[in-house]
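Here is a friendly briefing on one protein chain. Have a look at the sequence and the model, then read on.

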Amino acid sequence: MTALKTLNNALLWLFRWLLFILSGWVCLLIMWWAIFRYILHRDFFGGEEIIVFFAFWMYFIGSAVASYEDTHITADIIRTCLRTKRGFLFMDLLRFAISLFAFGILLWMAYNLVHFDVARRARSATFHYPMWWVHISLLISFFLSCCYTVMNAVKAVIRYRTDDYS
């Protein structure tokens, strides 16, 4: 268990640094693209393709980290009406079950997309890099989101059993 925790901590450390670096790159590329297009009146050929590549990785790495931290945006009105620990646990487990189902479907679809990209040797339009370089971020993100959703559900049950649930 300690090895898994160490691996997970290293992965999260790497992801947080990647998010920092990718955010900077996306901002710089968008500024560069805007300067070229609107100030210099020149075309930044393939700029959108480069920005989308980095933005895809940034978005889906961020999604995996949010799944780990259980900080996805929610609009949970029902939770405000609940009064008991058991009710909170039930709603959380229901949320985790729905999330796991959705992540499972998305994981399957991402696998099929990456498989298609590899089998058909799909390439980007401008720079002709393999499309699986972009789409593998989906597969990684949804796989980790499935793992983290199960982990958060187990943590919720443990918190419930140790009377540390609210």
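**A chain of helices**

Reading from the N terminus, the elements of the chain run α-α-α-α-α. That makes five helices and zero strands (both are DSSP runs numbered from the N terminus: helices are H or I with at least four residues, strands E with at least two). This is a predicted model, in which local features need pLDDT of at least 70 and side-chain atom pairs count only at pLDDT 80 or more, while totals for chains, interfaces and linings use all residues. Residues are numbered from 1 along each chain as its sequence is written, and side-chain values use heavy atoms, leaving out hydrogens and water.

**Overall shape**

- The C-alpha atoms of the chain fill a box of roughly 60 × 40 × 30 Å along the principal axes.

**Helix 1 and helix 2**

- Helix 1 (residues 2-39) packs against helix 2 (residues 47-69) at an angle of about 150 degrees, and their axes are 8 Å apart (axes are lines fitted to C-alpha atoms over the stretch in contact, and angles run from 0 to 180 degrees between N-to-C directions).
- The two helices, helix 1 and helix 2, are therefore roughly antiparallel (the word covers angles over 145 degrees).
- Their contact has 18 nonpolar, four polar and four charged residues (Ala, Val, Leu, Ile, Met, Phe, Trp, Tyr, Cys and Pro count as nonpolar, Asp, Glu, Lys and Arg as charged, and the others, Gly among them, as polar).

**Lining of the second largest pocket**

- Helix 4 (residues 85-120) gives the largest share of this pocket's lining, four residues (a pocket is an open set of points on a 1 Å grid, where a 1.4 Å probe fits, with protein on both sides within 12 Å along at least five of seven lines; lining residues have an atom within 4 Å of a point).
- By class, the lining of the second largest pocket has three nonpolar, two polar and five charged residues, including Asp70 and Arg95.

Key: Parallel < 35°, antiparallel > 145°, perpendicular 65-115°, else oblique.
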